[in-house]
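Dear colleague,

I am handing over the structure we spoke about, and below it you will find my notes on what turned up in it. Please read them with the model open beside you.

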Amino acid sequence: MQLKRLFSSVYAKGTEQYLKTQKRYEVARTVLYFGISISLFIAGYLQTKSRVNLLTVVAVLGCLPASKSAVNAIMFLRYNGCSTQAAEEIKNHSGSLKCLFDCVFTSYKINFCISHLAVRGNTICGFTEDVNFKESEFYKHIQEILKSDGHKEVTVKVFNNLSKYIDRLSQMNALEADEEKSQAIIETLKSVML
């Protein structure tokens, strides 16, 4: 638990640098879990001079959480967060918008990596640095999630051009704020992010 606090106390889900710190945490946890299993196996072998002992069973069972941790590490290693330059420019223009950085949404067929999302009322805008981003599939996927959580008539638009996205952030800042609705949408989005 201390390891989790060490890596994620500053960078919670949806904050800048989240993916970067989560990668470190998952890799460190995986190495630690496999290290424990290997050390138990070696201790049992050194003590009994045989692989057939109770510590070998414990070491093999310890490979289960280690393997799960390895899968999580691989998932996080596949994605990069928002670039530093884009993040600085976005922070300068996001104003009072509810925002999420380093968003990865998974579906059965495709995973969607979005560098930044901003929410104001029923409007969600995002910026992606992924050149192969599949907009139409993302819109379908996110609309289903939002509808299933009771958010109806939400407008979603994802930009891959930073200057157009920043212009849209300025327009969204001028919209009337519905903080309660914005926060509810943010919570829904966080619940389905990697």
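To begin with a single side chain, does Lys 157 count as buried, partly exposed or exposed, and at what relative accessibility? Lys 157 counts as partly exposed, because its relative accessibility of 35% falls between the limits of 20% and 50%. Please keep in mind throughout that this is a predicted model.

Salt bridges

The structure holds 5 salt bridges, and Lys 157 takes part in one of them, where its side chain meets that of Glu 135 at 3.6 Å, N to O. Glu 135 is partly exposed, with a relative accessible area of 32%.

Another of these bridges joins Glu 16 to Lys 91, whose closest N and O atoms are 2.8 Å apart. Here too the pair links distant parts of the chain, for Glu 16 sits in the loop between α1 and α2 while Lys 91 is in helix α4 (residues 84–93), 75 residues apart. Glu 16 is buried, because its relative accessible area of 16% is under 20%, whereas Lys 91, at 37%, counts as partly exposed.

A further salt bridge is formed by the side chains of Glu 26 and Arg 29, at 2.8 Å from N to O. Because these two residues are 3 apart in helix α2, about one helical turn separates them, and both Glu 26 and Arg 29 are buried.

A charged side chain without a bridge

Lys 23 is also placed in helix α2, and although Lys 23 is buried, it has no salt bridge, the nearest side chain of opposite charge being that of Asp 102, 8.6 Å away. Leaving aside residues up to four places away in sequence, Lys 23 touches Phe 76, Leu 77, Tyr 79 and Asn 80.

Strands β3 and β4

Strand β3 (residues 123–127) and strand β4 run parallel and are joined by 5 bridges, with Thr 123 standing opposite Thr 155 of β4. Together with α5, these strands make a right-handed β-α-β unit.

Residues in loops

In the loop between α5 (135–148) and β4 (155–159) lies Glu 153, which has a positive phi of about 55 degrees although it is not a glycine. Glu 153 counts as exposed, because its relative accessibility of 72% is over 50%. Gln 17, which is found in the loop between α1 (2–8) and α2, likewise is not a glycine and yet has a positive phi, of about 75 degrees; Gln 17 is partly exposed, with a relative accessible area of 22%.

Finally, Asn 53 lies in the loop between α2 (18–48) and α3 (54–77) and counts as buried at 14% relative accessibility. The side chain of Asn 53 reaches the backbone nitrogen of Thr 56 at 2.8 Å, and, when residues up to four places away in sequence are not counted, Asn 53 touches Gly 44, Tyr 45 and Thr 48.

With kind regards

Conventions. Residues numbered from 1 in each chain as written. Predicted model: local features only at pLDDT ≥ 70, side-chain atom pairs only at ≥ 80, totals over all residues. Heavy atoms only, no water. Helix = DSSP H or I, 4+ residues; strand = E, 2+ residues; numbered from the N terminus. Buried < 20%, exposed > 50% of the residue type's maximum accessible area, 1.4 Å probe, protein only. Polar contact = N/O pair within 3.5 Å; in protein donor to acceptor, adjacent residues only side chain to side chain. Contact = heavy atoms within 4.5 Å. Lys, Arg positive; Asp, Glu negative; His and termini not counted. Salt bridge = Lys/Arg side-chain N within 4 Å of Asp/Glu carboxyl O. Pairing = 2+ DSSP bridges. Right-handed = clockwise from strand over helix to strand, strands pointing away.
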